[in-house]
Amino acid sequence: MMEPLYIQGVRAAESLQQGLGGCERFLLWMSCVGDPRSSFFIYFPVTFFLSRKIGISVLWITILAEWLNLTCKWLLFGERPFWWIHESGVYGEQQMPKLKQFYSSCETGPGSPSGHAMITGAAWWVMMTNLSAFIYNRTRSSLAKTIPVVLYIVMLLAIGISRIFILAHFPHQVLDGIITGALLGFLLGRYEPENIKLIHYVTTSIGLLLSAVCLYWGLNYIGVNVSWTIHLATKWCAKPEWIRLDTAPFSSLSRDTGALLGLGLGLASPMYASTQRWKMTGKLKILCIVLSVLIIEIMDKIPLSKHSSVLFYVLFYLKNAFVPVLVIAIIPWTVHSIFVIQQSQKQQ
C-alpha cells in the first residue's frame, strides 16, 4: 500500500540531491537547526531568559511533542529512505538510485512522523505566536505581525527539505510531522506549567516513562519487533560510525523524562525562588544565554559510556535532567549573586 508513496519519495530525494547539491552545507545545517536536541539545548535557554513563561512553555511542549513522536513512530512503522531502497526489492543492482548518505542520515528509529519537523514545529509555534503578538503590540501593524508566521513556514519547509535531501525521511513523513507539530503547538502552546508542584512533575515524568516502556513491552508481547529499525539502520548505513546511540528511541525517552524532572527540580529550587523577583538588564540576559548555551554545549561534548546501553541511557537521563536545573536555577542564581556582590562593593 505504501510502496508507491515510497517510490515517489525516493524520486523526490533524487531530484533534491541533483538539483540542490550545491546547497549541501546549508541543508545539513538546517537539519541541525531542526534537531530536537536544539529545542532542549538552544531554544529553551534563549527563550527562558527573554521570557520565563515562554521558555518554560517551549521546554514543556518540546517534551510532550517528542514523547508523542516516539510513541507514534513505534505504532506507525515508518521506513527510512536510506535503508528502504535496499530492502524493498523494487530496485535491482543496475536500477539502484544514486543517492548519497550523510552523517545525520543514519538514525536508528522508525521514520514516521518526522521528529525534526514535529518537535521543532511545536516548539517554534510557541515562539512564533508570542513574537507575532509582541510585534503587533509594538507596531499595531497586521502586516508586521505576519513576518514570524512566514518565517515559521519557510524554516519548517527548509528543515523538511533537508530531511528528505539527506535520506532521513520520505516527503509524507515530513508533512505529517509539520502538521502534527503545528497542531500540538496550537493546542498546548498557551499552557504554562509554572505553578505546578514538584510532585506533579515527578509523577508525570514517571508516568511518561512507564507508559512508553509498557507500550514497548506490550508490542513485543504480541509479536511486534519494535527494534526492527536498528538492524536495518546498522546494515545499510554507509559508515558504521554514523550509527549513534543518541538517535535511538530510548534516548528520546530518557531525554524527555529527564528534562521533565529537571524542569520540576529547577522551578522548585530555592535558587529559582531567590531570583524570581529580580529583573535582569539586557546585558545580564545575554550573559545568561551565552553561559547557558556554552556550558550545555561543553557538557554535551563529553562522551557517555557506551559499554552498556542501560548505563548510557541512565547517564543520558541525568544529563538532560541537569540542563533545566542549570538554566532555570544555577546560572541565574550565580549571575545574581555576582551582581549583588558587585553592587555592595560599589556602595562601600
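Predicted model: local features only at pLDDT ≥ 70, side-chain atom pairs only at ≥ 80, totals over all residues.
**Exercise 1.** Find the volume of the largest pocket and the residues closest to its centre.

*Solution.* 
- Start with the space: the largest pocket holds about 1,100 Å³.
- Next, take the lining, which counts 44 residues.
- Then go to the centre of this pocket: D35, R37, R244, D246 and T247 are the closest lining residues.

**Exercise 2.** Which elements give two or more residues to the lining of the largest pocket, and which gives the most?

*Solution.* 
- List the elements in order: α2 (24–33), α3 (36–50), α4 (52–76), α6 (115–139), α11 (249–268), α13 (282–301) and α14 (309–347).
- Now pick the top contributor: α3 gives the most, with six residues.

**Exercise 3.** Sort the lining of the largest pocket by class.

*Solution.* 
- Count the nonpolar residues: there are 19.
- Count the polar ones: there are 10.
- Count the charged ones: there are 15.

**Exercise 4.** Describe the second largest pocket by volume, central residues and contributing elements.

*Solution.* 
- Its volume is about 460 Å³.
- The lining has 17 residues, and T47, M127, M128, N130 and L131 lie nearest the centre.
- At least two lining residues come from each of α3, α6 and α7 (147–165).
- Of the elements, α6 gives the most to this lining, with six residues.

How values were computed:
Residues numbered from 1 in each chain as written. Heavy atoms only, no water. 1 Å grid on protein atoms, 1.4 Å probe; cavity = no way out; pocket = protein on both sides within 12 Å on 5 of 7 lines; lining within 4 Å. Points joined across faces, edges and corners; volume = space filled by probe spheres on them. Helix = DSSP H or I, 4+ residues; strand = E, 2+ residues; numbered from the N terminus. Nonpolar A, V, L, I, M, F, W, Y, C, P; charged D, E, K, R; others polar.
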